[in-house]
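User: Please take me through some of the local features of this model, giving the cut-offs as you go.

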Amino acid sequence: MSGDMHFPARVSPDELSIQAEYSEKVRELLSLKYSRRPMAFVHTYGCQGNVSDSEHLKGLLAAMGYGFCAQAEEADLILLNTCAVREHAEDRVIGNIGALKQYKARRPDAVVAVCGCMMQQEHMALRVKNTFPFVNLIFGTHVLHQLPEMLYTVLSQGRRILRVPDGAGVIAEGIPAVRDNTFKAFIPIMYGCNNFCSYCIVPHVRGRERSRRMEDILAEARDLIGRGYREITLLGQNVNSYGKDLNGKPMFAELLRRINAMEGDFIIRFMTSHPRDCSRELIDTIAACDKVSRHLHLPFQSGNDRVLKAMNRHYTREKYLDIVRYAREKIPDLSLTSDVIVGFPGETYEEFQDTLSLVETVAYTSLFTFIFSPRVGTPAAAMEDPVSHKEKTVWFKELTDLQERIAARRTAEMVGKTYRVLAENTSRGDNSVICGRTSGNIIIEFPAPQSVIGTFVPVTVTQARSWIVTGALEDHQCN
Ligand code: SAM
Ligand code: SF4
Ligand code: F3S
């Protein structure tokens, strides 16, 4: 399928208006059932793509009349949006569903729904259905827009629903969103993945790459910026191939240029970039666009060519380092972050040393490190895996220790420099301390009034202690 031209299946306006009718019916049912506003608790596991999906699920729930609460116990509807990327993520979901048994015993009229990537796997959807009879609604990633109709059936007929259709996936435009933040927003630009890395479940549960139309993305960005949003994060599993399925060539650089050209004071972030499609044009575009963050999240997964091939990553260590060299030459203040897997099946300790040396060479700002987790149905799950988990844990520690030393070195270099920071929230446990993020995605803590939250402010770094970078607010405003 990769490389073929096909137009993504869009949910038709007719189907969306049928859902809007169901939404009204649910609203009526709820107003008869409750003499107050019904409340929903939505919990999200996994990546930013899932967070964005949950914002749209909340948009649908709000249209049906639901308000939102922060405690599951207070809710009339609990919705868990799950992740399947590693076993640990799935174990947490199973544990949390189990814990809802008491809640459901106290509130038999409440609705418990489970959706997302984990439920898109048939064996998991059936396991949840069979193990937890109190779960009313189970649905996969391709039918989020059908929530009103599914909920109507649950509420009006008391039936359990399991809906996990297979397929390449769809695009549903125009679903409202209840966003978690008032000045930072996610915009999905594409869904699914065609890369089929041999360890990864995502293409199996998210379907094929489907790019949204550029005009739809631009309209959403324009609306958010017009409403005062300060940070726009463009989302996709492989943003660099945005547009390939629309007209046969990638259009991500053009998309960046067009959002960058919009009037307003905002920063553009994006993730994730796949090294296979990370072109020089893209790097030149980042360099030329003043509103695009000086940050590139470029997962490398392994520093060894044999392992990269077994992972089906389609690049070599040298090609990766070449991209990094070019990017650093064009954007000297670029902050690089990455994902890496330790203990891929068959990886030897010598091969793992190549991962360490790549980390040393690139000197990332930060790293997301994972021990390989076998995923049912992926090729890597069937590969010989002779190294014990205990030994992988030792390698893992070696990697995280190395990265900690590098991060400490990197943050120490920040001391004395002034950064333009988007003030995000108060520090945990101290309302007089604000956490902000640099263009390079580094968090700085600094004393300031809460009124700065949601604005760009200049902050000079005064101290760097391992992960925590502290600074002082400069008295002039950033422009
Ligand atoms: N699309 C992104 C890319 O390829 O760069 C990554 C998406 S994935 C949700 C996030 C990270 O999870 C991956 O980069 C990889 O490091 C890790 N990951 C995925 N499958 C894994 C597995 N089976 N075991 C361990 N880590 C895994
Ligand atoms: Fe998974 Fe690879 Fe796709 Fe990323 S590019 S989502 S790691 S298959
Ligand atoms: Fe998890 Fe699905 Fe994202 S598997 S990481 S929630 S795409």
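**Selected features**

User: With which side chain does the side chain of Asp-245 make a polar contact?
Analyst: A polar contact is a pair of N or O atoms within 3.5 Å; within protein, one must be able to donate a hydrogen and the other to accept it, and residues adjacent in sequence count only if both atoms are side-chain atoms. In this predicted model, a contact of this kind, at 2.5 Å, links the side chain of Asp-245 to that of Ser-211.

User: What pLDDT do local features need in this predicted model?
Analyst: Residues are numbered from 1 along each chain as its sequence is written, chains are lettered from A and ligands numbered from 1 in the order in which they are written, and side-chain values use heavy atoms, with hydrogens and water left out. Totals for chains, interfaces and linings use all residues, side-chain atom pairs count only at pLDDT 80 or more, and local features need pLDDT of at least 70.

User: How far from Asp-245 is the nearest side chain of opposite charge?
Analyst: Asp-245 sits in helix α9, residues 244-247, where helices (H or I, at least four residues) and strands (E, at least two) are DSSP runs numbered from the N terminus. The residue is buried, that is, under 20% relative accessible area, as against over 50% for exposed and in between for partly exposed (1.4 Å probe, protein chains only). Lys and Arg count as positive and Asp and Glu as negative, with His and the chain ends not counted, and a salt bridge is a side-chain nitrogen of Lys or Arg within 4 Å of a carboxyl oxygen of Asp or Glu. Asp-245 has no salt bridge, and the nearest side chain of opposite charge, Arg-10, lies at 6.9 Å.

User: Why is strand β4 largely enclosed by the rest of the structure?
Analyst: One side of β4 carries Val-111, Ala-113 and Cys-115 and the other Val-112, Val-114 and Gly-116, all of them buried. Strand β4 (residues 111-116) is therefore largely enclosed by the rest of the structure, its buried residues numbering 6 of the 6.

User: Which residue of β4 is the bridge partner of Ile-78?
Analyst: Two strands pair if DSSP finds at least two bridges between them, and strand β3 (residues 77-82) pairs with β4 in the parallel sense over 6 bridges. Within β4, the partner of Ile-78 is Val-112.

User: What is the C-alpha to C-alpha distance between Pro-275 and Leu-321?
Analyst: Pro-275 lies in the loop between β11 (267-271) and α11 (280-288) and is buried, with a relative accessible area of 0%. Leaving aside residues up to four places away in sequence, Pro-275 touches residues including Arg-313, Tyr-315 and Tyr-320, contact meaning heavy atoms within 4.5 Å. Leu-321 is 46 residues from Pro-275 in sequence, and the C-alpha to C-alpha distance is 9.8 Å.

User: What is omega, about, for the cis peptide bond that joins Met-271 and Thr-272?
Analyst: Most peptide bonds are trans. Thr-272 lies in the loop between β11 and α11, and for the cis bond joining Met-271 to Thr-272 omega is about 10 degrees.
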